[in-house]
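Here is a brief report on one protein model. Please look over the sequence and the structure before reading on.

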Amino acid sequence: MSASTGSAVSVIDPAVGLTSAQVAERVAAGHVNAVKDRNARSLGDIFRANTFTYFNALIGSLWVLMLVSAPFIDSLFGFVIVINTAIGVIQEYRAARTLAKLSLVGQQQALVRRDGTDVEVPPSSIVLDELIVIRTGDQMLVDSAVVESNGLELDESLLTGEADPVEKEPAAEVLSGSFVVAGSGLVRATRVGRDSYAAKLADEASKFSLTRSELRDSIQRFIKYVSFALVPIGIFLFVSQYRANDGNIRAAIAGTVPGVITMVPEGLVLLTSVAMAVSVITLAQKRALVQDMPAVEVLARVDVVCVDKTGTLTEPGMAVHGVVVVDGSLPVDDALGALGASEPEPNQTLIAIAAKYAAPAGWAVTATVPFSSSRKWSSASFGEHGAWVIGAPEMLLPDGHPVRSQGDHLAGDGARVLVLARSDGEPSAEHGTGGLSPAALVVINQTLRSDAAETVAYFLEQSVRLKVISGDNAVTVGAIAAQAGIPGADSPYDARELPEDREELAEVLEQHSVFGRVTPAQKRAMVGALQSRGHVVAMTGDGVNDVLALKDADLGIAMGSGAGATRAVAQIVLLDDRFSVMPSVVAEGRRVLGNVERVSDLFLTKSFYAVTISIATIVFTQPFPFLNRHLTVVTALTIGTPAFFLALLPNKQRFRPGFFRRVLKFAVPAGLINAISAYVTYGYVLHLDYGVEVARSSAVVTLFVVAWWVLVQVARPINAIRGAIVGAMLVGFLGVLCIPWLSHMFELSWHPDVPGLIALGVGALGAGAVSVVHVFAGHGKPVDDTVPALPTPDTVGVGAAGDGG
């Protein structure tokens, strides 16, 4: 429940805020910011999503028919579906619980004023009329009215599309979803919960779209095609089996269900979900919070990573290394101390200055202009002591100015260099700084992260290009990038010279890798320009100036200590701020996509051979070549069980576009080869008058030989683990053939007689044809992934029961 502006706000003292009693009253009345997290999934949600599906309904219905029409052994597929669905529910629930725990760590807290004290509370605890302290980088969690403004500027572009910051004076309205880009202030909550602007926007049609999943879209497209084919093929197959079994309905059902069940790629959907869920858990163990599940897939497609310098390549925090006085007549130390203490919510630069210089007595602040990423300077006025400005030399001094040249020289070592200057007027955000008299250059130390160079080397080895995009001086950025080993760091580009035309901008980005003095709008434009050239772009950032670029990137990655607005729009949050986690993050995405493509070859091959065998059975009006128990054995040993393990193994294969086309290029001919081989054996043995039971047993052997060889091709390159998997499947099938009680239960046997030799001979020919298809489908030169890309997931905890259709 929620409420809006009906309470008596005049009695709320800005210095005190709401009392505990007033908060309790509003909570009791339901005037609290309780909005369900749209990404949160309960156990019930996960159970329903995995259970109540079209294919589960179809398979469940067929299971009931088989239970009443055929021996119990032919109904095993139903139990396989139940077990696999349970596996999917368990893994997704584990992932959801892990994310929920991490989300509490990464969630932006609200700083509210209650009983005269500023305390942090979860967003869901904000009540109506709450006084909220907001600072640069905070995202507005509820609709509010400004009570106090200290140079407060908000970016409302995520709501309105307008990129220019909006100054907010007392009594101005502030909408939830906007974020603070400069200054600080105090606001009063006017609409909370579902009444807030952002909540209504989400209910109607959220502007924050989910990450696009090519993998999910391709699988759903194939499922749609199979759905169209299932009903007519099922009907015709039933009619065919009714005639072939002389009107015996039970026998007709027993002959129809195996064909229909095998067409369904139900296990592929399950394995995709499980693979992504396991990846979420694996990344969570590395303190990487995945806020949008398909983002795991996008990781594999990334070929350009845009990184900020500060906090990504460099260690967090800053320290004043030194001050170069350029005008000894001005009170540099006092001015620096006064500036460091001038803002109630200082940025990292002012914090570093304040740590070095104490605030002088008698310097009372009369006016301030907070720092913003677009201006790249801040100022404060101190009455008779004048107005002082500190910021980027190239933004405050003209070209050719000797102090600016001196600053560029100091920046060559990777330090952040600022100019301190006295203004001859009253600086303002609207009219600028006025005339300036440089007093000193302030050198701020920034240290390269110890793991930055190693991380950069990994990306370069994986053919992922790095672009350093920073608001700092281009020379400074280039020096840090060079220390990290980024190619092109010796020719940094000043973003003030960037063209506005997207095509021209894209060309500059193709030629250069390091950019300085980039504004937030330019960061966003650069992401769009790279995407226009077909690149899949990941953007990392921690500051409020990164929000727009993070939102537009294919994958936004925020630092856990970064601005609340940055964390809110990112798909992945690195909670420990460790850039070195990025290789594992990218490798995890590649593992998921590469392995799901690998197992998709298996599942779609099965669907195509099931369709082909069913059509052949309809045409020839013969009893179906397999009992359902036969296909349960074959699919469990050549698809379901090995696919589960293959989907979770390490895989550093680089993403290639065209997943759906590439899988079909192999699966269609491979499926036809399986079907033709099995049906040739079945038909020929029938022709030799060995009877239906012997013909079926022979067809099963042929189908297994060809399908197992498909598994061998898909598992390439064969290493010890994959060799053990495919070997175990072969041993399992031999056990079914040779162990008497299993052979009797599944009605399967093999003998070195004519039908047995025909089964092996046709199977061998089919396997050879599969090898040829594998080469011509472009799979003949598999990626060498023997070099470990990331630790294998040790959090699986449960195994597969089989294919399940």
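Leu313 reaches well beyond its sequence neighbours. Leaving aside residues up to four places away in sequence, Leu313 touches Val307, Asp308, Thr447, Leu448, Arg449 and Ala452, among others. Val468, Ile480, Ala484, Ile486 and Phe579 are also on its contact list.

## Helices α18 and α19

Helix α18 spans residues 502-511, and helix α19 spans residues 520-532. Their axes come within 8 Å and cross at roughly 85 degrees. Angles of 65 to 115 degrees count as roughly perpendicular, so α18 and α19 are roughly perpendicular to each other.

On the α18 side, the contact is made by Arg502, Leu505, Ala506 and Leu509. They meet Ala525, Met526, Gly528, Ala529, Leu530 and Ser532 of α19. By class, the residues of this contact are seven nonpolar, two polar and one charged.

## The loop at Pro316

Pro316 lies in the loop between α11 (309-313) and β10 (319-325). Is Pro316 buried or exposed? Its relative accessible area is 53%. The cut-off for exposed is over 50%, so Pro316 is exposed.

Pro316 and Leu448 are 132 residues apart along the chain. Their C-alpha atoms are separated by 9.6 Å. Leu448 is also one of the residues that Leu313 touches.

## The chain as a whole

The protein chain has 805 residues, of which 57% count as buried. It contains 28 helices and 21 strands. Take the contacts between residues at least 6 apart in sequence: 74% of them join residues at least 24 apart.

## Confidence

Mean pLDDT for the protein chain is 83, with 88% of residues at 70 or more. Confidence is highest in helix α25 (residues 692-715), at a mean of 95, and lowest in helix α6 (residues 197-205), at 53.

Residues 1-10 have pLDDT below 50, and this stretch has 25 contacts in the model beyond near neighbours in sequence. Residues 782-805 also stay under 50. For them the model has 79 contacts beyond four places in sequence. Where pLDDT is low, the predicted coordinates should not be read in detail.

Conventions: Residues numbered from 1 in each chain as written. Predicted model: local features only at pLDDT ≥ 70, side-chain atom pairs only at ≥ 80, totals over all residues. Heavy atoms only, no water. pLDDT = per-residue confidence, 0-100. Helix = DSSP H or I, 4+ residues; strand = E, 2+ residues; numbered from the N terminus. Contact = heavy atoms within 4.5 Å. Axes fitted to C-alpha atoms, helices over the stretch in contact; angles between N-to-C directions. Parallel < 35°, antiparallel > 145°, perpendicular 65-115°, else oblique. Nonpolar A, V, L, I, M, F, W, Y, C, P; charged D, E, K, R; others polar. Buried < 20%, exposed > 50% of the residue type's maximum accessible area, 1.4 Å probe, protein only.
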